[in-house]
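Have a look at the structure, then read on.

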Amino acid sequence: MRIENCLKLMKDLNCDALLLLNESNMHYLCGFSPSEGVVLLLKNGSGYHIVDSRYTEEAECHAKETGLSAIEIANKFSDTVAELCKKNSIKTIAYENETISLKSFYTFKEATHCDFIGIDDKLMKIRNIKSNEEIEMMIKANDIAEKSFLELLNFVKTGKSEKELQAYFDYLMAKNGSDGLSFSTILLTGTHTSLPHGVPSDKKIESGDFVLFDFGATYKGYHSDMTRTIAVGSVSDEMKEMYNLVLKAQLAGIDALKSGVKCADVYKAAYDVLEEKKMGKYFRHSLGHGVGLDIHEGYVSSPNSKYTYEAGNITSVEPGIYIPDKFGIRIEDVCIVTENGCTDISTVDKNLLIV
């Protein structure tokens, strides 16, 4: 089906071949992402995964499932692509104009002497509608992350540093089956939680702190993404009120999420809840983003977004408030968009937890 999707894209663009260099796009067709490689798909349905000697065996293994032919380069990727274009009378090539480097563009254009047609975000839109198989892999990644988080909670206590807990969290995800981190784990405590994407430091947890965890595991190339904010020891009335406000905003965003709804409208559903308490000014990022082979892919749910959700989209829903030099709160789940609503794949309780 993935090759068929790309062939339809090529037909719509009226081109002879599709050239892919982006790692995630290669993974979409090949099942893995070499650090260097090229996919060349021809309009007749034949295709090639071109790799260097480091990846030949793995490419040949995956080719048995994908139907692509694995080719090991003798010299340069561009030389091999040029030979295949000449052999197959290729005149026009669709390429990833939004992600390719200028150097690579000129290298392949000069080697092939073909006309190049940009695909813009067309392949990304195809990737954004997930198959059942892709959804299963994302649920598996999420399960690994959740299991690790619940194990980590047994070690969260006063005196532990952000860095210490981050390192142990990353270990737990690897132990529980993650192929790698979705992104650098964010683990912050106290006043640091007001930094939406702060970097863990030597700061130690104190009683009465919020602790914010933003984390993700990967499984067969697919990412998970979750954020939880907990408290240690005790919470003030203000902390409890603000936590429940963010949770209410997240539930409003999830409730608004379904096929045919504008991303901007889903953002507004959550923002309006925060603004009821005049806290909208402390919400400093989009409500969510597409998740899949990339941790951020395709659309975002923001006030300026022009996208509309479709069934099969998978998106994060993650409102937050960040009060400088005081505290921050974010609650994030990943949801599958359906015709009539959405399915939240996260299962960890979102009520305020005090450890």
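What volume does the largest pocket have? It comes to about 640 Å³. Keep in mind that this is a predicted model.

**The pocket**

The lining of the largest pocket is made up of 25 residues. If you want to find its centre on screen, look for R2, Y28, G31, E133 and M137, which lie nearest to it. Which of them gives the largest share? That would be α7, with five residues. Sorted by class, the lining has ten nonpolar residues, nine charged ones and six polar ones.

Is D52 buried or exposed? With a relative accessible area of 13%, D52 is buried. Its side chain makes a polar contact with that of R54, at 2.7 Å.

**Salt bridges**

The structure has 20 salt bridges.

| Pair | N to O distance |
|---|---|
| K125 and D121 | 4.0 Å |
| E318 and R330 | 3.9 Å |
| K350 and D344 | 3.5 Å |

Take E318 and R330, whose side chains meet in a salt bridge. E318 is in the loop between β14 (314–317) and β15 (320–323), while R330 belongs to strand β16 (residues 327–330), so this pair ties together parts that are twelve residues apart in sequence. How accessible are the two partners? E318 counts as buried at 8% relative accessibility, and R330 is buried too, with a relative accessible area of 1%.

K350 is buried, its relative accessible area being 14%, whereas D344 is partly exposed at 26%. As for K125, which pairs with D121, its relative accessible area is 42%, so K125 is partly exposed.

Some salt bridges join up into a network, and the residues linked in this way are R127, K130, D294 and E297.

**Cysteines**

How many disulfides turn up in a search of the whole structure? The search finds zero. C263, for one, is in no disulfide, and the nearest cysteine sulfur, that of C342, is 13 Å away. C263 is also buried, at 0% relative accessibility.

Conventions: Residues numbered from 1 in each chain as written. Predicted model: local features only at pLDDT ≥ 70, side-chain atom pairs only at ≥ 80, totals over all residues. Heavy atoms only, no water. Disulfide = S-S within 2.5 Å. Buried < 20%, exposed > 50% of the residue type's maximum accessible area, 1.4 Å probe, protein only. Helix = DSSP H or I, 4+ residues; strand = E, 2+ residues; numbered from the N terminus. 1 Å grid on protein atoms, 1.4 Å probe; cavity = no way out; pocket = protein on both sides within 12 Å on 5 of 7 lines; lining within 4 Å. Points joined across faces, edges and corners; volume = space filled by probe spheres on them. Nonpolar A, V, L, I, M, F, W, Y, C, P; charged D, E, K, R; others polar. Polar contact = N/O pair within 3.5 Å; in protein donor to acceptor, adjacent residues only side chain to side chain.
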